[in-house]
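Hi,

Here is the structure I promised to pass on.

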Amino acid sequence: MGRIIWFIISVLFVFWLLGLVFKIGGGLIHILLVIAGIIFIFQLITGKRSL
């Protein structure tokens, strides 16, 4: 499960960077990035590692 979340975070980060560079996607990409950041911080706080 942890690998899937890290994959999703990585993909969302790449899409966010593309949105900044090419000015596409508008607010949706930023909202998805915020959601990914919240999931990332939640995992850091809980300390669950399933590698």
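**What turned up**

Phe13, Val14, Phe15, Leu17, Leu18, Leu20, Val21 and Phe22 make a nonpolar surface patch of about 740 Å². Patches here are made of residues with over 30% relative accessible area and no salt bridge, with nonpolar side chains (Val, Leu, Ile, Met, Phe, Trp, Tyr) joined within 5 Å and like charges within 9 Å; a salt bridge is a side-chain nitrogen of Lys or Arg within 4 Å of a carboxyl oxygen of Asp or Glu. Areas come from the Shrake-Rupley method with a 1.4 Å probe, and for residues only the protein chains shown count as cover.

Please keep in mind that this is a predicted model: local features need pLDDT of at least 70 and side-chain atom pairs pLDDT 80 or more, while totals for chains, interfaces and linings use all residues. Residues are numbered from 1 along each chain as its sequence is written, and side-chain values use heavy atoms, without hydrogens and water.

The chain has two helices and zero strands (DSSP runs numbered from the N terminus: H or I of at least four residues, E of at least two). Of its 51 residues, 16% are buried (under 20% relative accessible area; exposed is over 50%, partly exposed in between). Phenylalanine 15, in helix α1, is partly exposed at 47%.

There is one aromatic pair (ring centres within 6.5 Å, using the six-membered ring of Trp; planes under 30 degrees apart are stacked, over 60 edge-to-face, the rest tilted). Tryptophan 6 and phenylalanine 40 form it edge-to-face, 5.1 Å centre to centre with 75° between the planes. Tryptophan 6 lies in helix α1 (residues 2-22) and phenylalanine 40 in helix α2 (residues 27-46), so the pair ties together parts 34 residues apart in sequence.

Tryptophan 6 is partly exposed, at 31%, and phenylalanine 40 is too, at 29%.

Best wishes

Technical notes: Buried < 20%, exposed > 50% of the residue type's maximum accessible area, 1.4 Å probe, protein only.
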